[in-house]
Amino acid sequence: MMVFQRTYWPALAVALLGLLLVPATAAQELGEAPYRPGDYVVEDGKVDPNTYEGYIVYTRACMACHGPDGLGSSFAPSLIRAAERRGWADFAGTVAAGREVQPGQVMPSFADDPYVMRNIPYIFSYMLARGEGGLGRGRPQIIESMQDEAESGDGNQDD
Ligand code: HEC
(Lines give C-alpha, C1' and ligand atoms only; values in the text may rest on other atoms or scores of the structure.)
Protein backbone atom coordinates (compact mmCIF):
# COMPACT_ATOMS: atom_id res chain seq x y z
CA MET A 1 0.00 0.00 0.00
CA MET A 2 1.31 3.41 -0.92
CA VAL A 3 0.92 6.28 1.46
CA PHE A 4 1.32 9.84 0.27
CA GLN A 5 1.41 13.01 2.26
CA ARG A 6 -1.81 14.89 1.73
CA THR A 7 0.04 17.96 0.49
CA TYR A 8 1.67 16.05 -2.38
CA TRP A 9 -1.68 15.15 -3.85
CA PRO A 10 -2.49 18.11 -6.06
CA ALA A 11 0.71 17.80 -8.09
CA LEU A 12 0.57 14.03 -8.04
CA ALA A 13 -3.07 13.94 -9.02
CA VAL A 14 -2.45 16.17 -11.98
CA ALA A 15 0.46 13.98 -13.08
CA LEU A 16 -1.56 10.79 -12.62
CA LEU A 17 -4.60 12.19 -14.37
CA GLY A 18 -2.42 13.29 -17.24
CA LEU A 19 -0.74 9.92 -17.54
CA LEU A 20 -3.60 7.56 -16.81
CA LEU A 21 -7.00 9.11 -17.32
CA VAL A 22 -6.48 10.98 -20.52
CA PRO A 23 -5.05 8.07 -22.54
CA ALA A 24 -7.70 5.78 -21.06
CA THR A 25 -10.47 8.04 -22.24
CA ALA A 26 -8.85 9.08 -25.50
CA ALA A 27 -10.30 6.00 -27.17
CA GLN A 28 -13.76 7.48 -26.71
CA GLU A 29 -14.16 9.92 -29.49
CA LEU A 30 -16.45 12.86 -29.94
CA GLY A 31 -16.73 12.97 -33.69
CA GLU A 32 -13.22 13.04 -35.11
CA ALA A 33 -11.28 14.57 -32.23
CA PRO A 34 -10.19 12.50 -29.19
CA TYR A 35 -12.06 13.29 -25.99
CA ARG A 36 -10.35 15.66 -23.58
CA PRO A 37 -11.55 16.54 -20.04
CA GLY A 38 -14.12 19.30 -20.31
CA ASP A 39 -15.25 18.46 -23.85
CA TYR A 40 -19.00 18.30 -24.23
CA VAL A 41 -21.72 18.38 -26.86
CA VAL A 42 -25.11 19.94 -26.07
CA GLU A 43 -27.83 19.72 -28.74
CA ASP A 44 -31.49 20.52 -28.01
CA GLY A 45 -30.94 19.83 -24.31
CA LYS A 46 -29.33 16.44 -25.02
CA VAL A 47 -25.68 15.56 -24.46
CA ASP A 48 -22.86 13.23 -25.52
CA PRO A 49 -22.35 10.00 -23.50
CA ASN A 50 -19.35 11.32 -21.53
CA THR A 51 -21.23 14.39 -20.31
CA TYR A 52 -24.19 12.16 -19.39
CA GLU A 53 -21.82 9.99 -17.36
CA GLY A 54 -20.60 13.14 -15.62
CA TYR A 55 -24.17 13.90 -14.56
CA ILE A 56 -24.58 10.38 -13.15
CA VAL A 57 -21.31 10.42 -11.20
CA TYR A 58 -21.93 13.95 -9.92
CA THR A 59 -25.40 12.95 -8.71
CA ARG A 60 -24.03 9.92 -6.85
CA ALA A 61 -20.86 11.38 -5.35
CA CYS A 62 -21.15 15.17 -5.13
CA MET A 63 -24.80 16.26 -5.11
CA ALA A 64 -25.38 15.61 -1.41
CA CYS A 65 -23.12 18.56 -0.60
CA HIS A 66 -22.94 20.61 -3.83
CA GLY A 67 -26.68 20.62 -4.50
CA PRO A 68 -28.74 19.33 -7.43
CA ASP A 69 -27.36 19.89 -10.96
CA GLY A 70 -24.17 21.59 -9.74
CA LEU A 71 -25.98 24.63 -8.41
CA GLY A 72 -24.37 24.75 -4.97
CA SER A 73 -25.96 24.65 -1.53
CA SER A 74 -25.74 26.49 1.75
CA PHE A 75 -22.90 24.09 2.62
CA ALA A 76 -20.79 23.88 -0.55
CA PRO A 77 -20.22 26.18 -3.57
CA SER A 78 -21.60 25.87 -7.12
CA LEU A 79 -19.34 23.62 -9.19
CA ILE A 80 -20.57 25.18 -12.42
CA ARG A 81 -18.78 28.39 -11.57
CA ALA A 82 -15.85 26.57 -9.96
CA ALA A 83 -15.21 24.62 -13.18
CA GLU A 84 -15.17 27.77 -15.30
CA ARG A 85 -13.04 29.72 -12.87
CA ARG A 86 -10.50 27.05 -11.97
CA GLY A 87 -9.87 25.10 -15.14
CA TRP A 88 -9.23 21.35 -15.45
CA ALA A 89 -5.99 20.82 -13.48
CA ASP A 90 -7.13 22.85 -10.48
CA PHE A 91 -10.61 21.28 -10.46
CA ALA A 92 -9.20 17.73 -10.62
CA GLY A 93 -6.54 18.53 -8.02
CA THR A 94 -9.18 19.76 -5.58
CA VAL A 95 -11.26 16.60 -5.97
CA ALA A 96 -8.20 14.43 -5.38
CA ALA A 97 -6.73 16.41 -2.48
CA GLY A 98 -9.82 17.80 -0.78
CA ARG A 99 -9.95 21.28 0.75
CA GLU A 100 -10.92 23.09 3.91
CA VAL A 101 -10.84 26.85 3.79
CA GLN A 102 -13.66 27.57 6.26
CA PRO A 103 -13.03 25.45 9.37
CA GLY A 104 -15.67 22.70 9.50
CA GLN A 105 -16.71 23.09 5.85
CA VAL A 106 -14.80 20.15 4.50
CA MET A 107 -14.38 19.10 0.89
CA PRO A 108 -13.32 15.45 1.29
CA SER A 109 -10.43 13.92 -0.67
CA PHE A 110 -11.56 11.37 -3.25
CA ALA A 111 -8.03 10.01 -3.82
CA ASP A 112 -9.06 6.59 -2.46
CA ASP A 113 -12.24 6.42 -4.56
CA PRO A 114 -11.35 4.98 -7.98
CA TYR A 115 -14.93 5.38 -9.27
CA VAL A 116 -14.80 9.14 -8.71
CA MET A 117 -11.12 9.51 -9.71
CA ARG A 118 -11.55 7.97 -13.16
CA ASN A 119 -14.71 9.94 -13.82
CA ILE A 120 -13.48 13.46 -12.90
CA PRO A 121 -13.06 14.37 -16.61
CA TYR A 122 -16.75 13.65 -17.20
CA ILE A 123 -17.88 15.58 -14.10
CA PHE A 124 -15.82 18.50 -15.43
CA SER A 125 -17.49 18.17 -18.85
CA TYR A 126 -20.93 18.12 -17.24
CA MET A 127 -20.17 21.32 -15.29
CA LEU A 128 -18.95 23.18 -18.39
CA ALA A 129 -22.01 21.96 -20.29
CA ARG A 130 -24.23 23.33 -17.50
CA GLY A 131 -22.42 26.67 -17.57
CA GLU A 132 -21.18 27.89 -20.94
CA GLY A 133 -22.97 25.04 -22.76
CA GLY A 134 -26.38 26.23 -21.53
CA LEU A 135 -27.52 22.72 -20.51
CA GLY A 136 -30.61 22.86 -18.29
CA ARG A 137 -31.30 21.17 -14.98
CA GLY A 138 -32.23 17.53 -14.43
CA ARG A 139 -31.15 14.25 -15.97
CA PRO A 140 -30.19 14.89 -19.62
CA GLN A 141 -30.83 12.46 -22.46
CA ILE A 142 -28.06 11.21 -24.73
CA ILE A 143 -28.00 12.48 -28.33
CA GLU A 144 -29.46 9.62 -30.43
CA SER A 145 -26.66 9.51 -33.00
CA MET A 146 -24.14 9.05 -30.15
CA GLN A 147 -26.02 6.23 -28.40
CA ASP A 148 -24.12 3.38 -30.11
CA GLU A 149 -20.87 4.85 -28.96
CA ALA A 150 -22.15 4.68 -25.37
CA GLU A 151 -23.29 1.06 -25.63
CA SER A 152 -20.32 -0.44 -27.47
CA GLY A 153 -16.83 -0.47 -26.01
CA ASP A 154 -16.22 0.55 -22.42
CA GLY A 155 -17.79 3.96 -22.78
CA ASN A 156 -20.12 3.38 -19.87
CA GLN A 157 -18.15 3.59 -16.65
CA ASP A 158 -21.10 3.08 -14.36
CA ASP A 159 -19.38 0.81 -11.89
C1 HEC B 1 -19.16 16.11 2.25
C2 HEC B 1 -19.52 17.20 1.40
C3 HEC B 1 -18.90 17.28 0.02
C4 HEC B 1 -18.88 16.33 -0.97
C5 HEC B 1 -19.48 14.92 -0.94
C6 HEC B 1 -18.20 16.92 -2.11
N7 HEC B 1 -17.79 18.19 -1.80
FE8 HEC B 1 -16.72 19.46 -3.01
N9 HEC B 1 -16.68 20.86 -1.53
C10 HEC B 1 -17.31 20.75 -0.29
C11 HEC B 1 -17.10 21.99 0.46
C12 HEC B 1 -17.62 22.29 1.85
C13 HEC B 1 -16.31 22.83 -0.36
C14 HEC B 1 -15.76 24.22 -0.02
C15 HEC B 1 -14.41 24.00 0.64
C16 HEC B 1 -13.73 25.30 0.97
O17 HEC B 1 -13.27 25.95 0.03
O18 HEC B 1 -13.66 25.64 2.14
C19 HEC B 1 -16.07 22.09 -1.60
C20 HEC B 1 -15.32 22.60 -2.65
C21 HEC B 1 -15.16 21.96 -3.88
C22 HEC B 1 -14.44 22.52 -5.01
C23 HEC B 1 -13.80 23.91 -5.05
C24 HEC B 1 -14.92 24.87 -5.36
C25 HEC B 1 -14.53 26.31 -5.59
O26 HEC B 1 -15.42 27.18 -5.52
O27 HEC B 1 -13.39 26.58 -5.87
C28 HEC B 1 -14.53 21.59 -6.01
C29 HEC B 1 -13.92 21.72 -7.41
C30 HEC B 1 -15.29 20.46 -5.52
N31 HEC B 1 -15.65 20.72 -4.22
C32 HEC B 1 -15.61 19.35 -6.26
C33 HEC B 1 -16.35 18.26 -5.77
C34 HEC B 1 -16.70 17.12 -6.58
C35 HEC B 1 -16.40 16.94 -8.06
C36 HEC B 1 -17.36 16.25 -5.76
C37 HEC B 1 -17.89 14.86 -6.08
C38 HEC B 1 -16.95 13.93 -6.64
C39 HEC B 1 -17.43 16.87 -4.43
N40 HEC B 1 -16.82 18.09 -4.50
C41 HEC B 1 -18.02 16.29 -3.32
C42 HEC B 1 -18.02 19.66 0.16
C43 HEC B 1 -18.20 18.45 -0.51
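The model is predicted, and local features need pLDDT of at least 70, side-chain atom pairs count only at pLDDT 80 or more, and totals for chains, interfaces and linings use all residues. Residues are numbered from 1 along each chain as its sequence is written.

The protein chain contains 6 helices and 5 strands, where helices (H or I, at least four residues) and strands (E, at least two) are DSSP runs numbered from the N terminus. Their order from the N terminus is α-β-β-β-β-α-α-α-α-β-α. The chain has 159 residues, of which 31% count as buried; a buried residue has 20 or more other C-beta atoms within 10 Å of its own, with C-beta atoms placed from the backbone. Among the contacts in the protein chain with a separation of 6 or more, 66% join residues 24 or more positions apart, a contact being a pair of residues whose C-beta atoms, placed from the backbone, lie within 7 Å.

The shell around the ligand comprises 25 residues, with Cys 62, Cys 65, Ala 82, Val 101 and Met 107 coming nearest. A residue is near a molecule if its C-beta atom, placed from the backbone, lies within 6 Å of it. Helices H3 (63–66), H4 (79–97) and H5 (114–130) each contribute at least two residues to this shell, and H4 gives the largest share, 6 residues. By class, the shell holds 18 nonpolar, 4 polar and 3 charged residues. Here Ala, Val, Leu, Ile, Met, Phe, Trp, Tyr, Cys and Pro count as nonpolar, Asp, Glu, Lys and Arg as charged, and the others, Gly among them, as polar.

Helix H2 (residues 49–61) packs against H5 at an angle of about 110°, with the axes 7 Å apart. Axes are lines fitted to C-alpha atoms, for helices over the stretch in contact, and angles run from 0 to 180 degrees between N-to-C directions. H2 is therefore roughly perpendicular to H5, a label for angles of 65 to 115 degrees. Residues of H2 in the contact include Asn 50, Tyr 55 and Ala 61, and those of H5 include Val 116, Tyr 122 and Ala 129. The contact of H2 with H5 has 9 nonpolar, 5 polar and 1 charged residues.

An open sheet of 3 strands runs in the order S3-S4-S5, with mixed pairing; two strands pair if DSSP finds at least two bridges between them. Strands S3 (42–43) and S5 (141–142) are the edges, each pairing on one side only. S3 pairs with S4 (residues 46–47) in the antiparallel sense over 2 bridges, and Lys 46 in S4 is the bridge partner of Glu 43.

Key
Buried ≥ 20, exposed ≤ 12 C-beta atoms within 10 Å, placed from the backbone. Contact = placed C-beta atoms within 7 Å. Parallel < 35°, antiparallel > 145°, perpendicular 65-115°, else oblique.
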